[in-house]
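Work through the exercises below with the structure in view. Try each task before reading its solution.

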Amino acid sequence: MDSSARYWVVATLLIGASTLATVFRDTLTPLWSYSVPIGLSGTSYMLMAFGLSRLYDQGPQLGRLVWLALGTVVYIAVMEWSRIHAGSEVTLLLSGGLFGVTSLWGAYFAHAHYQHTANRFAMHMRWVMASLGLFHLLRTQGFVTGWGLNTFGQEAWTYGIWTGAFVAGMLRYFAYFGIRVQEQADERLKVMTALVREEEGRRLGNRLAQQDRHHSLGVMSASFAHELNQPLTAILNYAELLQHQQKSGQWDPQVSERALDDIIHNSVRAGDIIRRIRNFIQPASLNKELVDLRGVIDEVCALVQPEARRGNMEIVKPARRNTPMWVLGDAVQLSQVLFNVVRNAMESVEKAQTRSIRLDIRQENREILIEVHDTGPGLSEAAAEQAGDPFYTTKISGLGMGLSISKTILAQFGGRLSLQNTENGACARIALPFAQVV
């Protein structure tokens with residue numbers, strides 16, 4: 001039960017207690033059968049108003065409740081003094097005014113809640129509370145006219161006002177119940193909408209990531225064609241050599257054995273190239289498993305090596321160690337992140353005198369860090385701040401989505417990507433939480 005519901009429960013109990021006191025009016029003193037019940041009823045109206053305000057305002061309420069308690073005590077004292085010394089007209093004005101003003105105050109909070117949430121039951125509550133307040137204010141006409149219950153017309157007027165107040169008082173409970181039911185329905189709708197948007201965003205992110213991989217490999221297609229052409233050409237040459245030996249009858253077992261070994265070696269090499277390309281472009285859903293980042297570095301370096309050779313670039317991998325660097329993630333998506341970073345570094349050093357890219361990996365606190373250093377011109381101040389923002393790019397033909405997608409992928413696994421300038425160029429740092437292998 002939240003604070004708003006607690007206010008309404010306490011208010012209902014107070015109304016029940018005050019009504020019960022009036023039932024035993026003949027056995028109780030006027031203080032406990034008249035002044036105190038009226039004061040507690042007014043307090044219950046105030047608590048209902050507070051309960052409505054708690055639907056949209058979760059600020060501290062202690063000060064407000066202290067003032068309400070003090071005000072209730074003062075009101076009961078004034079009501080009792082008026083009953084003894086001022087007469088029934090003044091007590092009528094005090095009671096009707098109290099109920100009328102507190103009901104109108106509750107109507108204000110219902111209106112404020114409607115403005116915040118557009119809850120249609122809050123709109124109904126606004127009119128119910130306003131009607132209740134007006135009915136109670138109409139009761140105070142007796143202060144001016146002095147009407148009692150002496151004639152049929154005056155009696156019907158009085159009974160009509162009390163009937164209207166009773167109906168409005170009952171309707172406020174139904175309106176409050178409707179407000180809370182509508183809030184729960186709206187909350188469930190919001191949760192379902194958020195889940196749908198999250199799922200759609202994840203699917204869109206996966207599609208964008210896959211398109212980015214295809215685009216990157218499309219740019220590198222010439223390098224891969226050249227890389228595949230080498231083992232295929234070697235296979236063709238050795239096959240022609242074996243065919244020539246067979247036709248000429250000059251069969252040399254040693255030459256044939258070396259040729260077959262080279263055919264097997266180049267076939268495996270061509271298969272590895274195709275496997276790396278196929279693994280890189282395959283659709284990947286979010287799949288969290290233990291991944292050794294050293295293996296990811298090896299795969300990515302093998303992917304970019306053909307283009308690096310064509311551009312006379314040196315790619316320096318970390319020193320090979322037997323200690324794995326485990327993280328929890330998806331090998332394909334993490335390779336895409338490192339691939340984008342390395343490709344950006346390669347583009348940075350294209351026109352540099354020294355074309356070198358160095359990869360480092362280490363564990364720092366509870367994270368695994370991969371740093372990609374390049375010897376390019378570095379980053380401008382604007383590029384350092386905006387790199388990774390969607391559609392921001394310094395390249396003429398780029399879309400500015402590579403690093404943005406990379407940041408999104410890393411965020412799924414609790415990682416991050418940052419860029420900074422160094423003395424010799426720029427450095428991109430990939431950080432991922434270290435996964436303890438038991």
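**Exercise 1. Find the angle and the axis distance at which helix H2 (residues 30–53) and H4 pack.**

Solution. The angle is about 10 degrees, and the axes of H2 and H4 lie 7 Å apart. Axes here are lines fitted to C-alpha atoms, for helices over the stretch in contact, and angles run from 0 to 180 degrees between N-to-C directions. Angles under 35 degrees count as roughly parallel, over 145 as roughly antiparallel, 65 to 115 as roughly perpendicular and the rest as oblique. H2 and H4 are therefore roughly parallel to each other. On the H2 side, the residues making the contact include Tyr34, Ile38, Tyr45 and Phe50. On the H4 side, they include Leu98, Thr102, Ser103 and Phe109. Contact means heavy atoms within 4.5 Å. Helices (H or I, at least four residues) and strands (E, at least two) are DSSP runs, numbered from the N terminus.

A note on the model: it is predicted, local features need pLDDT of at least 70, side-chain atom pairs count only at pLDDT 80 or more, and totals for chains, interfaces and linings use all residues. Residues are numbered from 1 along each chain as its sequence is written, and side-chain values use heavy atoms, with hydrogens and water left out.

**Exercise 2. Is Ser103 buried or exposed?**

Solution. First locate Ser103: it sits in helix H4. Next, take the cut-offs: buried means under 20% relative accessible area, exposed over 50%, partly exposed in between (1.4 Å probe, protein chains only). Ser103 has 0% relative accessibility, so it counts as buried. Last, list its contacts. Leaving out residues up to four places away in sequence, Ser103 touches Tyr45, Met129, Leu132 and Gly133.

**Exercise 3. Which residues is Met48 in contact with, leaving aside neighbours within four places in sequence?**

Solution. Met48 belongs to helix H2. Its relative accessibility is 0%, so Met48 counts as buried. Its contacts are Trp8, Ala11, Ile15, Arg172 and Tyr173. Now look across to Thr102. Met48 and Thr102 are 54 residues apart along the chain, and their C-alpha atoms are separated by 9.2 Å.

**Exercise 4. Check the span of helix H4 (residues 88–117) against its 30 residues.**

Solution. The expected span is 1.5 Å times one less than the number of residues. Then step past the helix end. Ala118 follows H4, in the loop between H4 and helix H5 (120–139). Its phi is positive, about 60 degrees, although Ala118 is not a glycine. Ala118 is exposed, because its relative accessible area is 55%.

**Exercise 5. Where does Asn365 lie?**

Solution. Asn365 is in the loop between strand E4 (356–364) and E5. Its phi is near 55 degrees, a positive value in a residue other than glycine. At 69% relative accessibility, Asn365 counts as exposed.

**Exercise 6. Which element has the lowest mean pLDDT, and which the highest?**

Solution. pLDDT is the predictor's confidence in each residue, from 0 to 100. Start with the chain: the average is 80, and 81% of the residues score at least 70. Among the elements, helix H12 (residues 381–386) has the lowest mean, 57. Strand E5 (residues 367–374) has the highest, 94. Finally, check residues 388–401. Their pLDDT stays under 50, and the model has 23 contacts for them beyond four places in sequence.
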